[in-house]
Each structure stands twice: as C-alpha cells, then as structure tokens.
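Okay, thanks everyone for coming. Let me put the model up on the screen, and then I'll walk you through some parts of it.

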Amino acid sequence: MTALSLDRLRLDGQRFMEEVSREYFLAHAGLKATADLQTIYERHAAILGEDALALVREEFRGAAPGSDAHRSARLMLEWLTDSVASRALAALDEREIEWEGSAVVRLDDGRELPYQRAAIDIGNTANRDERMRIERARARVVEAELAPLRRERFQREKELIEGMEIAPTFNATFEALSGVDLTGLVRECDQFLRDTQSMWDDVYAETVRSKLRMDPADATRADALHLLRAQEFDAHFPSASMELSIRRQASEMGIDPDAGGRIIFDTGEREGKRARAFCAPVRVPDEVYLVLRPHGGQADYRTLLHELGHALHFAYTRADYPFEWRWLGDNSVTEGYAMLLDHLMHDAGWLARYTELGRRHAPTFLRTVGFEELHFLRRYCAKLMYEVTLYGGDVGWDSLPDLYVDRLTSATTFRYDPADAFVDVDPRFYAARYLRAWQLQALLTETLVERFNEDWWRNPHAGPWVIDTLFGEGQRELAGELGERATGRALSFAPLVRAIEDLLVTS
Ligand SMILES: [Zn+2]
C-alpha cells in the first residue's frame, strides 16, 4: 500500500465517492435491493481515518490563506471530517432508519398506521379533526421513541467534531471548513423575517381562511402540510409532455440536455424505483444519471427541473479540475443551480410556453407559489437560527424543544410541536446551504434577465454563458465568491424579497 499523501487521497477519495454514488444510484433506481455501503467504507478505511484527517489538517494549517492550496485543503478537510463523523455515527443512523421502517402510530380510537404513512396521511386528509387525530398520535410516538435517538445523535456528533481539534466549537469548525459565516447569515435571517412580517401576515391570513376555511390563529404545522399538498393545478402539468417540454426548453437556451451523452435519463417504470426524481453523479463529469418516474403535477415538474439543474452542473463541470473541485465544496452552489431551474415554475412566460397552465389560471397559480416561497424561506430562516443554537451549546438540551416551538411558530405562524425539536433538524447546517442557494438563485435570475432578457430561458446565448461562467467551475468557489464573479454583486435576501413581492402583488 502506498503511503498516505494528498494525491493518494485525491485518487482514492474519488474512487470512494464514485462507488458510494453508484451504490445509491443502483439501490434508488431499483436495480439493486439494498445499498451495501459498509463494504465500501471498509475497502477505503485507510483514507477515512485519523491518519488522513491529521495529514489534511496539517496541510490546511500550513497553506497560505487565499491560495488554491488552502482552498483545496479546506475542501478536503471538510469532506474528511464529514466522512469520519458519518462513519462513527453510522450505527446510530442505522438504528434510526430501522425505527422509521418499523414504528407504528396508534390513534386515540385504537387504529394503527405505519409511521412513514403518517405525514402523507396528514397531508392528504381534508377533515381537520381526523388530521389532528393522526398528528397527535404521530407527535406522541416521535416524542417517546425517535426524539431520544436523534438527541443522542446530535450530542455525539457535536463531541466528535469538537474532538477533531480544528476549532474550539462545533459552530466554529463549521465556519472554518465551510467558509460560511453563520453569525452573519443568522443576522440576515432575522432581518429578512422582520422585513417580510407584514407581507406574511396578510398572505397567511388570507390563504388559511380561503383554502383551509379555518381561523388563522388555530392553524398548526399539520394544517400547513395539508395546505401545501394543494393539487388543484396538477391537471395543467401533464406527465405525458413533461420530460419533452423541459428538454425542449434546455435546447432552446442552447444547452444539450443530454450533455453529449454524459447525462443518462432513466425514465422507465421499474419495481423498487424511487417515486421522486433524483440525480446521481456517478463519475463527474462523465456519467450522471437523472432518474425519474413521471407522475405529472406541479411537484413533479419542479422536482425534474431541480434535478436537471444538478445533472447539468455535474455533467458540464470541467474535466481537468482536481477531484476536490469537481466532487466536493460548497453545496450551496449546486443547490443554487438546481433552484435556478426549479424557480422557472415562478415565471409566467415560462409557464405559458412549456406547461398547460394557460392565461386564466396563471394569476392564482403565481399567488399560491408566492405564498409557498415566502413560507419556506421564513421556515428555513427560523430553522437555521434554531439549529445554530442547538449545535452552539449555550442552551441546555432540555430547553431546546420550547425554543424550537417558539422560533418556528413565530416565523411561520403555524403552531409547531415540541416533539419535533430533534427530528426537524438538518445535520451540519444544510439549511445554511439552502438559504445561500436561494440567494444565489435569485441573484443569477436577475443577472440572466439583464443580460439575456425576460425570456433568457429560451435565448440560445444564455446556455453557453451559464455553462462557461457557472457550471464549468464545479464547486471550486463558495456561493458568495461565485456570485461576485458572475454578477458583480453580493449574496443577500434583497432579490428574493423583490421576486416574492412580484408574485404576491402583481398576481
Ligand atoms: Zn438539490
């Protein structure tokens, strides 16, 4: 076996990532019964342990800040800390997956249903009393059984990361490795919540009254699930033409949707294939799968656009870039490209050209979309603010459920349940990646409109610019750096507020 070095880590790291990605692809596409990840972890144990971590940590400390060597070392150190922690947490995560697969929700009247059905049933149940019966039973079993598992997982993760001696605390380690300024982002979230409060109060009250037909003061997160399940527009988004329409749009903006054969569309029906579309970059940029089972409906269109954004990004990444710039880095970037495409569902011109929504339904659809957008953004701002406190360690674990309810309820107005305080948490601040992706998306959309007009999405000059300026760079840069380079402006919530005002005011 060759001695550990950065180049060995690059070579084996890439093999490891390719094997994991292929395993997920095969399992989720229904081509294999289960994903056998343990074997892959064992095969690559040499590059996923303390020695590798120590090597890259030294490299990171020794490199000149601002240099490419420093950038590469940071990306690899972040990836290694995640991988080492994930390996150590695997047993806890497996226990959780097992629980989710076997847990039973018991209603007050004695009926039972599988835990995994509960959220779906809550979303689908129009009768409010029945909806709340399921919700109460769900919250009961989550509080008693899942919440303690999750709480232990986060405590353990915090200890592990803090023990890696990169920075004194979990949050400081995240900031050093991700390049994301958590404190600054939390301040922006707080400001965004205040800036959009009165707009939210108006649209919330009107929507809850008209769609749920209930007093806005009584609505809970379970009611929100039902409200957001809205299927009234699905007929305008037929499955038969979905893939073709979206491929046509990519071609019209000058992007080959197959990326010269590097993107493989897997659209056939198959037992065991996941219901939701997903993208699996098995070799970046040469072998990227876009797996879907077209059902139709607005959610399906949005998911396909989102996953196509990821697929195009991976397949158009420069092949001559090192492993860490193609495979690792700030996921706000790839999520930003996915959102750039899925936000086409907010564009009246795009909807008119590529869907069957028609002029008559467009205004109500856009207003609904504006409500959803503002709701999700406010929810994610509150989530991030709460999660920063959870990992921060200044508030005791026992006090977190009350804080969770307070933060999420005051941001969304829907009443949250303390049972979800450790369940409704994205590990390692993925909420921060999404929020910055949202900002990046809004900034890129405004820039594309300025450069290539309102209908940039069918301008044959837009695609080559997107590929050259954006996709080609992989995730070499942080979302903020990329935004500055491509648009000359800094990331912020301002373009998102403008877009939401357009959706809610003009429609
Ligand atoms: Zn995504």
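Let's start with a question: how many residues lie between β4 and β5 in the hairpin they form? There are three residues between those two strands. Before I go on, please keep in mind that this is a predicted model.

To pick out one spot, Cys279 has Leu290 of β5 as its bridge partner.

Now bring in β3. With it we get an open sheet of three strands, ordered β3-β5-β4, with mixed pairing. Out at the edges sit β3, residues 263-266, and β4, residues 278-283, and each of those pairs on one side only. Neighbouring strands in the sheet are turned against each other by 20° on average, if you ignore direction.

Okay, on to the cores. The largest nonpolar core has 125 residues, and the ones touching the most other members are Met76, Ala311, Cys381, Leu384 and Leu435. Which helix gives the largest share of this core? That's helix α16, residues 358-392, with 14 residues. Apart from this core lies another one, with six residues, including Val105, Ile134, Ala137 and Ala222.

Leaving out residues up to four places away in sequence, Ala311 touches Ile263, Cys279, Val288 and Leu290.

Next up, a pair of helices. Helix α5, residues 115-124, packs against helix α10, residues 221-228, at an angle of about 70°, and their axes are 7 Å apart. The two helices are therefore roughly perpendicular to each other. Their crossing is right-handed. On the α5 side the contact is made by Ala119, Ile122 and Gly123, and on the α10 side by Ala222, Leu225 and His226.

For a contrast in angle, look at helix α18, residues 430-452, and helix α20, residues 479-487. Their axes come within 10 Å and cross at roughly 5°. That makes α18 roughly parallel to α20. Who meets whom? From α18 it's Arg436, Ala437, Leu440, Leu443, Leu444 and Thr447, and from α20 it's Ala479, Gly483, Ala486 and Thr487.

One last stop: Gln38, which sits in helix α2, residues 37-43. Is Gln38 buried or exposed? It has 11 C-beta neighbours inside 10 Å, so Gln38 counts as exposed. And how far is Gln38 from Gly123? They are 85 residues apart in sequence, and in space 35 Å apart, C-alpha to C-alpha.

That's my tour. Happy to take questions.

Key:
Residues are numbered from 1 along each chain as its sequence is written. This is a predicted model: local features need pLDDT of at least 70, side-chain atom pairs count only at pLDDT 80 or more; totals for chains, interfaces and linings use all residues. A nonpolar core is a set of buried Ala, Val, Leu, Ile, Met, Phe, Trp, Tyr and Cys residues joined through C-beta atoms within 7 Å. A residue is buried if 20 or more other C-beta atoms lie within 10 Å of its own, exposed if 12 or fewer, and partly exposed in between; C-beta atoms are placed from the backbone. Helices (H or I, at least four residues) and strands (E, at least two) are DSSP runs, numbered from the N terminus. Two residues are in contact if their C-beta atoms, placed from the backbone, lie within 7 Å. Two strands pair if DSSP finds at least two bridges between them. Axes are lines fitted to C-alpha atoms, for helices over the stretch in contact, and angles run from 0 to 180 degrees between N-to-C directions. Angles under 35 degrees count as roughly parallel, over 145 as roughly antiparallel, 65 to 115 as roughly perpendicular and the rest as oblique. A crossing is left-handed if the near helix is turned anticlockwise from the far one by less than a right angle, and right-handed if clockwise.
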